[in-house]
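Colleague: I would like to learn how to read side-chain contacts in a structure like this one. Could you take me through them feature by feature?

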Amino acid sequence: MTVMLPQRHRAAAKKPMWIIVLLSMVCVILIGAYVYPPRRYSQCYLFASRSVCTPFKDWLPAIGRRERTDEEIISSVIVKNILSMPMPVSKNPKIALMFLTPGSLPFEKLWEKFLQGHEGRYSIYVHASREKPVHSSSLFVGRDIHSDTVVWGLISMVDAEKRLLANALEDVDNQFFVLLSDSCVPLHSFDYVYNYLMGTNVSFIDCFKDPGPHGSGRYSVEMFPEIEERDFRKGAQWFAVTRRHALLILADNLYYKKFMLYCKPAEGRNCIADEHYLPTLFNMVDPGGIANWSVTHVDWSEGKWHPRSYRAADVTYDLLKNLTAIDENFHVTSDDKKLVMQKPCSWNGSKRPCYLFARKFNPETLDNLLKLFTSYISV
């Protein structure tokens, strides 16, 4: 008799549950990171506002790992060549005084007194953006350049600066280039100013990092990757630059385009092109070649959008001597901390007065300035 043995069934293989659990946890973490990003990124996802999305750039590949664009390579080659090439030697080096003004210059008589007896050591250029100037000094006659409209805060202000530089660079004897406004006055004698500028190889461009809303808060992510937020700087527009740096400003197109497109007032960030373009440019391409302060004094102590404007009653011997004696420059951040950064003005390694010029002086101060000129001007 045949005995039928019960059929053996192979036990079903156990599923590797630990793998399933692990994969599930990874998926949950990834989804959570996307839906609930870290606090400093969450605003970017929730509100999609460019004004608060600056940290988004941190999610992008580091600049060192990406391939540079053709424009970046071209810019790098041009900058390196300008910074390394020999400059033409002048037998008669001059200072180019470049006046950026809406119209007539109220202090021409004061500048005439300042320049008297120093013919052949300076050049004058006037960019009048609104109306043709009426000159009260023969030194300024025939010194107007082709000008265009300038709108405060827009890139047109930088365009006017570049226009002045281009005209001044045509004269090979011009070795230092000083940007001045219609409200600027000299604080020292011509010899003092000439020796101060010609005696150093650095440019005087105001430059500092402001982490507040009127500094880094004006940075736009559209400037990335060519310009990172960590490189974004602020400073007063009134510069004094070497011939080498004047050429570099005219040659730059890469960074200029970023500010032309993405640095404008009244667009959430209220970015002012002339306050950020040159400080950022030189912080990136030649930080060791600038002094980080301007040789033109401006009083921002009133905490307004525009600096203090001196009237006739303000102009005294003590005021002017105090301005000439300042030997430390300071910057105040626009964040809640209002941090004051104060540094001595170092000229070739020695502490020296910071300022050669000052603004803003109202036209009514001319008579007082002329009367006090010989007493406050230092040799």
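Colleague: Let us start with charges and rings. Which ring does the charged end of K162 sit over?

Modeller: This is a predicted model, so please read each distance as a computed value. For a charge over a ring, look at how far the charged end lies from the ring centre. Here the charged end of K162 is placed over the ring of Y256, 4.2 Å from the centre. R143 gives you another case: R143 lies over the face of Y125, with 5.2 Å to the ring centre.

Colleague: Now rings with rings. How many aromatic pairs are there?

Modeller: The count comes to 16 aromatic pairs. To read one, take the distance between the ring centres and then the angle between the planes. For F99 and F140 the centres are 5.5 Å apart and the planes stand at 65°; over 60 counts as edge-to-face, so that is the name for this pair.

Colleague: Where do F99 and F140 lie in the chain?

Modeller: F99 belongs to strand 1 (residues 94-101), while F140 is in the loop between strand 2 (122-128) and helix 5 (155-169). The pair therefore ties together parts that are 41 residues apart in sequence. F99 is buried at 1% relative accessibility, and F140 is buried at 0%.

Colleague: What sort of pair do F190 and Y194 form?

Modeller: A tilted one, with 5.8 Å from centre to centre and 35° between the planes. F190 and Y194 are four residues apart in helix 6 (residues 190-198), about one helical turn. Both F190 and Y194 are buried.

Colleague: Which residues do ring pairs link into a cluster?

Modeller: The cluster holds F99, W111, F114, Y122, F140, F190, Y194 and F357.

Colleague: W111 and F114 make me curious about helix 4. Which residues of helix 4 are buried?

Modeller: In helix 4 (residues 108-115), the buried ones are E108, L110, W111, F114 and L115. After helix 4 comes G117, with a positive phi near 85°.

Colleague: Let us turn to salt bridges. How many does a search of the whole structure find?

Modeller: The search finds 14 salt bridges. K257 and E71 meet at 3.0 Å, N to O. This pair links distant parts of the chain, K257 in helix 8 (residues 254-262) and E71 in helix 3 (residues 70-84), 186 residues apart. K257 is partly exposed at 29% relative accessible area, and E71 is partly exposed at 35%.

Colleague: What about K258: is it buried or exposed?

Modeller: K258 is buried, with a relative accessible area of 13%. Its salt-bridge partner is E226, at 2.9 Å from N to O, and E226 is buried too, at 12%. K258 is in helix 8, whereas E226 is in the loop between strand 5 (203-206) and strand 6 (240-242), 32 residues apart.

Colleague: And which residue does E328 form a salt bridge with?

Modeller: With K351, the closest N and O atoms being 3.5 Å apart. E328 lies in strand 9 (residues 328-332) and K351 in strand 12 (residues 350-351), 23 residues apart. Salt bridges can also share partners, and in this way D299, R308 and D314 are joined into one network.

How values were computed:
Residues numbered from 1 in each chain as written. Predicted model: local features only at pLDDT ≥ 70, side-chain atom pairs only at ≥ 80, totals over all residues. Heavy atoms only, no water. Buried < 20%, exposed > 50% of the residue type's maximum accessible area, 1.4 Å probe, protein only. Helix = DSSP H or I, 4+ residues; strand = E, 2+ residues; numbered from the N terminus. Salt bridge = Lys/Arg side-chain N within 4 Å of Asp/Glu carboxyl O. Phe/Tyr/Trp six-rings, centres within 6.5 Å; stacked < 30°, edge-to-face > 60°. Lys NZ or Arg CZ within 6 Å of the ring centre and 35° of its normal.
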